[in-house]
Amino acid sequence: MSDTVENHLQTAPDEIAAVPVARLSPKQQLIARMRGHFGFKVGLIVLVTFTLVAILAPWIAPHDPYAQDLANRLVQPVWSEKGSWAHILGTDSLGRDYLSRLIYGAQISLVIGFSAMLISGLIGTVMGITAGYFGGRVDMVISFIILNRLSMPVVLVALAVVSLFGSSLIIVILVLGFLLWDRFAVVLRSATMQVRAIEYVAAAEVLGSPVRKILFRDILPNVSNHLLVVASIEMAHAILLEASLSFLGLGVQPPLPSWGLMVSEARPFMFFMPWLITIPGTAIFIVVLAINLLGDGLRDVTAPEGRN
Amino acid sequence: MLKYTVKRLGLALIVMLTVSIISFTLVRASGDIAIAVAGEGATDADIEAIRQQFGFDRPLVVQYFDWAGDVLTGDLGDSLFYREPVVQLLVERMPVTMTLGILSLGFAMLLAIPLGVLAAVFPNSIIDRICLGIAVLGQATPSFWFALLMILMFGVIWPVFPISGTDSWRHFIMPIIVLGYYVIPAIMRITRAGMIEVLESDYIRTAKAKGLNTHAVLFKHALRNAIIPVVSLLAVQLGFMLGGSVVVETIFSINGVGHLALLSIERSDFPMIQGIVLTLAILYILLTLFADILNGWLDPRIRIS
Amino acid sequence: MKKISLPIAAAAMAVLFSITPAAAGKDNDTLVFATKTDLENLDAYYNNARVGIILARHIWDNLLYRDPEDFSYKPALATSYEWIDDLTLEFKLREGVTFHNGASFSADDVVYTLNFVSSPDSKVVSRRNVDWIKNVEKIDDYTVRINLSKPFPAALDFVAGPLPIYPHAYYAEVGPEGMNRNPVGTGPYKVVAMEQAKSVKLEKNEDYYKDSPKGQPKIGKLEMRTIPDDNTAVAELMTGGVDWIWRVNADQAEMLGQTPNLDVVGGETMRVGFMSMDAAGRSGVKAVQDLKVRQAIAMAVNRQGIVDNLMPKGGRVIHAACYPKQFGCTDDVTKYTYDPEKAKALLAEAGYPDGFEVTIDAYRDRDLAEAIIGDLRAVGIKADLSYNKYSAARDRVRNGQVTLNFSTWGSYSINDVSAITSNFFRQGPEDLARDADVAALLEKGDTSVDPEKRKAFYADALKKISSNAYWLPMFTYSYLYAFNKDLDFQPSADEIPRFFMASWK
């Protein structure tokens, strides 16, 4: 594989320090480090809050997010003169409660981000560990597949596939899942290579442990910190991409309240009612920020040498 | 070095072949191309005529080899919408997209490298934390949203920049900021990491010990070495940015390849989509190839390994 | 990120504070108008885009001109016309007209242009615009005859519409590609520069012929700018970068109207919105095959509410499957008024007391489609949206995959029912009802020459369509235009802005 590509994917946009894999520290030490890490704490708290909001949406949303009321459209939010507590964030152009749509929107973003990350994580991890462990021809083939995937522009391919096969929640998840596995594969490939060189893995091989056992018992636990960091990056990536696709009209379809779609639908009002694009945009921003903070925190906490 | 380059070139060729097959199959997996080409209000006779005119009635494999043969001679076919050669359209639209990409990258470097250096020189200081903050915030802002806010702020409320088009260099300012900001965190982090590594290396310590002043150490020795990974990052990022310019070109009415790609997808202009995907793939491969070779040249250690 | 871009931008601003004045507006005698889509080819026979039609009216002239107010045909390049018989149409041509390149206009131009485009080899984009022409004969230098391939009552509307006349020697030499790069016509404006997908610049034709029904052009320069994003266009309008935009969102128009330097006007167009229903059952949703269910859907949708709240002023609810002013259209059909309770009762009668699940297809006006979905949910029909680009949506219709199709139709600005009802109910690929009786009536209407007989056939067909609720005709579209206050501009029903009639105040 190209050094440049490898170098790039290992380090950017979130530099994943290619530090020698540390043996997992004792649990208490880890938890202590987590507690001491500001970004990690903030990210975790925000993400947990958003997840709770998404799960509890039916109980905490003040209105039905789909109930339209043409007589009460474009009601202003509570902080403006004409606002009222009936609709805290006002209503959209069809008179639907904006806060309720925002709350249900958390479900969509998180479900897409999480599912796409799981799919891509599965594909990428299998590829990366296989390539890293077996090396040789296997590595060559997998590296070639990775290079092919990398040379295809993600946004264009996602747009094209969605426009060809129609857009729905499932299709968006599948498209993102099948496009975003590259970083998993690249990072885990080199991490596995490093772990494999460690003596006790070599010892296990010599002792004749079955490959499956070595992969699951010796390799996977030792690369799991890399896995978690990449997972956070890709989850954030998937959420942003879904928002972009929906914004371009090729993502999640109405009446589902996707945040990207909400920004898109609010555009005619951006010059006169700017809160309509600001609110869902901020929601995307916060959730992606939280996931990134969590990822950064995980990297620092699990591999403290990575950050001086 | 020569062997290395030849090997890379060979790999690049095979990737191009695979990408061409994938992009060709992908765009044909949808419904009837002829209907898409005929447009609103076409009769069945119109559609049948188009089907024959473009040869859509032939088997897929025949169509692929026909297309691939033409591609080898530099002919990517005609756009179904413009009825002009795809190559000609790419030649017309590529310069503005490249300009946008390179300028955005320049803007990002201008901000990110000094910040990265500062963060490395004063690790764990306030500056370092601010830089980290910028990186994290930048990565979390959706570019379409950022573009809209820019237009709202600096186009309408405080009208200092032209909003759309490419008539003067000032038209490029907002698009460059929007497209460039996403790359800043990556460049900044990699500069910082590279700098820290270099600053701790023996030869820098030696230089310091020899009494060379700090500025000379920083800029003459450390930065030069720290920049190596940045170079390869830039090449790859440029490739990514060309793909990412879809949103920016659409919002700021920039008549480049990104917007053309979106339109072609909407119009099911298959030869055009194939042409763009293939071109971007080739560009990406060439850029990484170039970066690898450049790195080998800058850093002999890579060559040896 | 904003932390950093703000100070940087502010610093840059200090340097750049003087803004170069936009080249738009009264001071420069340049009217810049924005359009969303770009044009594949300026040659009017090789594009089927609305902007192409608009430009064609400015660059070229037709034999006849259709008055935008009363839809009567006025002499343009032809001074008179006569039906010799059902299949022969004769035109006397105007003398003393010159093309932009100096060539003078005569029968040869008409003969060459129309014979060229009507031959199948020309591969024009819309065959239906030309396939009624068998050939064109020159009688003398200023008389031509069009021989029709079939009786075609709407012929004059086509002559006055999508059939501009080109200079024969030039067109024979350069063909459609040359016409695209450097268009030459007799029209009130001539093209001086064009950059594909970016802009087309035009200048007043100083030698425009005196008696043109289009009048003399008043504004010196026109520039059409392609701005794909609606909101970018609005931002440009607000800051003076462009002078004129159209198809403005209703809410946005209301707010733009309050800005001091802008005028907003609205006008009904020939475009109608409708929802066709899969009565033939090709999509496999049984419920919609039931007349009661279709009637329930018709009563569930609050068309008046949508027109009042979501659409620009000037549109209205319609009940027949045509634009009310079109020849042959009648309002004397079954009318379904908004009545959700009755809709629920009808659904229960049909055996769907709890509603059913269905997919609505749409290709534009996502907000209207969402409103329809909201109304259907209110009576228990759980609808979701399949929103596709036009070509993909049409593909689905043609393949029989569509159950409910929210769509619109502009009749190509042809003022005749044959351009809409016959298009959708003569068992063509987009006919979801596939009713043989309706198709037979429409065919009779399309091929009869006697206007009264045609009206009778069409009326019967339209009544059958409504009583069977094959379509839910919804509303006419009103377009909103927002423009520079200095501009005097009148919209017209045929969706063709006429800048040659506009002027600066």
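## Chain A

Chain A contains 13 helices and 0 strands, where helices (H or I, at least four residues) and strands (E, at least two) are DSSP runs numbered from the N terminus. The model is predicted: local features need pLDDT of at least 70, side-chain atom pairs count only at pLDDT 80 or more, and totals for chains, interfaces and linings use all residues. Residues are numbered from 1 along each chain as its sequence is written, while chains are lettered from A and ligands numbered from 1 in the order in which they are written.

Of the 308 residues in chain A, 57% are buried (20 or more other C-beta atoms within 10 Å of the residue's own, with C-beta atoms placed from the backbone; exposed means 12 or fewer, partly exposed in between).

## Interface with chain B

Contacts (C-beta atoms, placed from the backbone, within 7 Å) link 42 residues of chain A to 50 residues of chain B. On the chain A side, α1 (3-11), α6 (136-151), α7 (154-165), α11 (211-247) and α13 (275-302) each give two or more residues. The largest share, 9 residues, comes from α13(A).

Beyond its neighbours within four places in sequence, Ala158(A) is in contact with Val175(A), Leu176(A), Leu179(A), Leu241(A) and Leu245(A).

## Helix α7 of chain B

Helix α7(B), residues 143-157, has 15 residues. Its buried residues include Phe144(B), Trp145(B), Phe146(B) and Phe154(B).

Key: Two residues are in contact if their C-beta atoms, placed from the backbone, lie within 7 Å. The expected span of a helix is 1.5 Å times one less than its number of residues.
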